[in-house]
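Q: Could we work through this model together, taking one kind of feature at a time, with the general idea placed before the particular case?

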Amino acid sequence: MRRYGALMPLYPEIEPYAHGMLDVGDHNLVYWETCGNPEGKPAVVLHGGPGSGCGPYPRRLFDPAAYRIVLLDQRGSGRSTPHASNHETDMSVNTTAHVMADLELLRRHLGIERWLVWGVSWGSVLALRYAQTHPESVSELVLTAVATGSDAEVELLTRGLGRIFPEAHDRFLAQLPPAERDGNLAAAYNRLLESRDPAVRERAARAWTDWETAIIPAPPRSVARFEDPAYRMGFARTVTHYWGNDHFLGDGDGVVLRDAHLLAGIPGTLVQGSLDFGNLLGIVWRLHRSWPGSELVTVGDAGHTTGAPGVAQALVAATDKYRK
């Protein structure tokens, strides 16, 4: 296990040299783009949320001369259509299995045999399960703000952290009917976000994103996105859809951690902020211990973010290591 704390430059800003909308079925079109070297080592970026969409920042974590960097907006998010903010969008065809199938379709569409998979937060859950079920498609994994999609993680983030942020949690609970406050809070919020009443949906989206902002300090740019009604609604609806349904992982709770041995033979780097509240469950350490060949890098004074200088340094160091 290594620790990072010093600064390391990001690679320069770059623009895509190709992009498109891939028809993945179910009336869904997924936005994708490629940056860097068209002949370079393929790497795909999996954003968090679920539902946040992909921004330009991850492009700068890869050597553009060495990598063919693929970014996409997962179903219902970002520039993909239909967007989850539209109440008419069918969320039943937005599941982990659907998104993994989209990745395979995109990989084949781009003529890629294997790619490094980079994931943040929910993207790390998706990356881990994708590697466990499609190991032939994955050359390496680089994961940060690591999660595994277990019930314990959802319970911590929606209820357990109420002990640390009691005032914010009281406001979070106040949006729910009293009878809904003792069960799965994400599922309860998702029911509000699926209401036929747009005012109910908007209040729920605002309350959900206020709670996320309270427990996960974010840079101003990320907070500002929650002021966009469409982004706020799509994000809250998608997160609660996944969190309220066990991340659609199947095979019982904790399947990603339980199946960590299936990652044997796939090199990987886990970059984790020492102040990430997910560490309270020890899951990242247990994942590292159960995954032969993985490396755990802890970053002092960093939370659930990719923007902290030490986190950026560790991520660049990881992609540099695997670029050959």
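Q: Which side chain meets Glu 295 in a salt bridge, and at what N to O distance?
A: Side chains of opposite charge can pair when their charged atoms come close. In this predicted model, the side chain of Glu 295 meets that of Lys 321 in a salt bridge, with 2.9 Å from N to O. The pair links distant parts of the chain, since Glu 295 lies in strand β9 (residues 294-299) and Lys 321 in helix α11 (residues 309-322), 26 residues apart.

Q: Is Glu 295 buried or exposed?
A: The cut-off for buried is under 20% relative accessible area, and Glu 295, with 16%, is therefore buried. Lys 321, at 44% relative accessibility, counts as partly exposed.

Q: How many salt bridges does the structure hold, and which residue meets Glu 194 in one?
A: The structure holds 20 salt bridges, and in one of them the side chain of Glu 194 meets that of Arg 237 at 2.8 Å, N to O. This pair, too, links distant parts of the chain, with Glu 194 in the loop between α5 (185-193) and α6 (198-215) and Arg 237 in helix α8, 43 residues apart. Glu 194 is partly exposed, with a relative accessible area of 29%, whereas Arg 237 is buried, with a relative accessible area of 3%.

Q: Which residues are linked in a network of salt bridges?
A: The network links Glu 15, Glu 33, Arg 59, Asp 73 and Arg 79. Within this group, the side chains of Arg 79 and Asp 73 meet in a salt bridge of 2.8 Å, N to O. Asp 73 counts as buried because its relative accessibility is 0%, while Arg 79, at 38%, counts as partly exposed.

Q: How should I read the packing of two helices, and at what angle do the axes of α4 and α6 cross?
A: Two packed helices are described by the angle between their axes and the distance between the axes. Here the axes of helix α4 (residues 166-174) and α6 come within 9 Å and cross at roughly 165°. Angles over 145 degrees count as roughly antiparallel, so α4 is roughly antiparallel to α6. The crossing in which α4 passes α6 is left-handed.

Q: Which residues make the contact of α4 with α6?
A: On the α4 side the contact is made by Ala 168, His 169 and Phe 172, and on the α6 side by Ala 207, Trp 208, Trp 211 and Ala 214.

Q: Where is Thr 238 found, and what does it touch?
A: Thr 238 is found in helix α8 (residues 229-243), and it is buried, with a relative accessible area of 2%. Leaving aside residues up to four places away in sequence, Thr 238 touches Pro 50, Gly 51, Ala 84, Met 91 and Asn 94.

Q: Where is Ser 137 found, and is Ser 137 buried or exposed?
A: Ser 137 is found in the loop between α2 (122-133) and β7 (138-144), and at 0% relative accessibility it counts as buried. Not counting residues up to four places away in sequence, Ser 137 touches Glu 104, Arg 107, Glu 113, Arg 114, Trp 115 and Tyr 130. The C-alpha atoms of Ser 137 and Gln 272 are separated by 25 Å, and these two residues are 135 residues apart along the chain.

Key
Residues numbered from 1 in each chain as written. Predicted model: local features only at pLDDT ≥ 70, side-chain atom pairs only at ≥ 80, totals over all residues. Heavy atoms only, no water. Helix = DSSP H or I, 4+ residues; strand = E, 2+ residues; numbered from the N terminus. Buried < 20%, exposed > 50% of the residue type's maximum accessible area, 1.4 Å probe, protein only. Contact = heavy atoms within 4.5 Å. Salt bridge = Lys/Arg side-chain N within 4 Å of Asp/Glu carboxyl O. Axes fitted to C-alpha atoms, helices over the stretch in contact; angles between N-to-C directions. Parallel < 35°, antiparallel > 145°, perpendicular 65-115°, else oblique. Left-handed = near helix turned anticlockwise from the far one by under 90°.
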